[in-house]
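Good morning, colleagues. Please bring up the sequence and the model, and I shall take you through a few local features.

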Amino acid sequence: MPLRVIEEFINTRRRDGDEIATPQQLATWLHARGLMPADTVVNDEQRDRAERIREGLRALIAENNTEPVSSPRPDGLNPAARAELADLTRDFPLMLDVTVSPPRLVARARVPVEAALARLLAVVAEAVAEGTWTRLKACREPSCRWAYYDHSRNRRRTWCSMDICGNRAKARASHHRKSTAPLTAGQPTNR
């Protein structure tokens, strides 16, 4: 399963809503990606666990990018998300399936939703092993934090969209430079 599913999972939370806000929405999302049978029922506790995994993954990919730019907007990251993810991952046993070629990590969970979430974590482990994990990043714009895959040759892309988030950051930086620049006698000011 490609790393794209992790990007999509993280991006289920947007400014205008949450695609997995209810247990039924989570079940639909997991089924649509072939991670779980269609008739599986998801409960509130499982949905909450999926949300905490999602936010923990967002915190992890934020570390794949440089520090966020300073902004008056909220950061969008839960400071405890990484620690919560570490606690949650202990509950999702994975094993190496050597009956397939190449061998791959598979979930040992018997409950379908737990197996689906464990499979998402296996995708992360596989991406780390393949060397592609560091290309999945969270936008540096604190109010955005959208997940994106960095296809750039030098792996230095920092914004989900240069047209939107990159321009916002550059405009803020320009405004900050202009507002803190010392006035020189005889030079006109920008008004």
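**A strand residue, the cysteines and a helix pair**

Let me begin with Tyr-149, which lies in strand β6, residues 147–149. Please bear in mind throughout that this is a predicted model. Leaving aside residues up to four places away in sequence, Tyr-149 touches Leu-3, Glu-7, Thr-132, Arg-135, Leu-136 and Arg-157.

I turn now to the cysteines. How many disulfides does the structure hold? The number is zero. For Cys-144, the closest cysteine sulfur belongs to Cys-160 and is 3.6 Å away, so the pair is too far apart for a bond, the cut-off being 2.5 Å. Cys-144 counts as buried, because its relative accessibility is 17%. Cys-165 is likewise in no disulfide, and its nearest cysteine sulfur, that of Cys-139, lies 3.7 Å away. Cys-165 is also buried, with a relative accessible area of 2%.

Finally, the helices. The axes of α3, residues 44–62, and α4, residues 81–89, come within 8 Å and cross at roughly 125 degrees. The arrangement of α3 relative to α4 is therefore oblique, and α3 passes α4 in a left-handed crossing. On the α3 side, the contact is made by Arg-49, Arg-52, Ile-53, Glu-55, Gly-56, Leu-57, Ala-59 and Leu-60. From α4 come Ala-81, Arg-82, Glu-84, Leu-85 and Leu-88.

Notes
Residues numbered from 1 in each chain as written. Predicted model: local features only at pLDDT ≥ 70, side-chain atom pairs only at ≥ 80, totals over all residues. Heavy atoms only, no water. Axes fitted to C-alpha atoms, helices over the stretch in contact; angles between N-to-C directions. Helix = DSSP H or I, 4+ residues; strand = E, 2+ residues; numbered from the N terminus. Parallel < 35°, antiparallel > 145°, perpendicular 65-115°, else oblique. Left-handed = near helix turned anticlockwise from the far one by under 90°. Contact = heavy atoms within 4.5 Å. Buried < 20%, exposed > 50% of the residue type's maximum accessible area, 1.4 Å probe, protein only.
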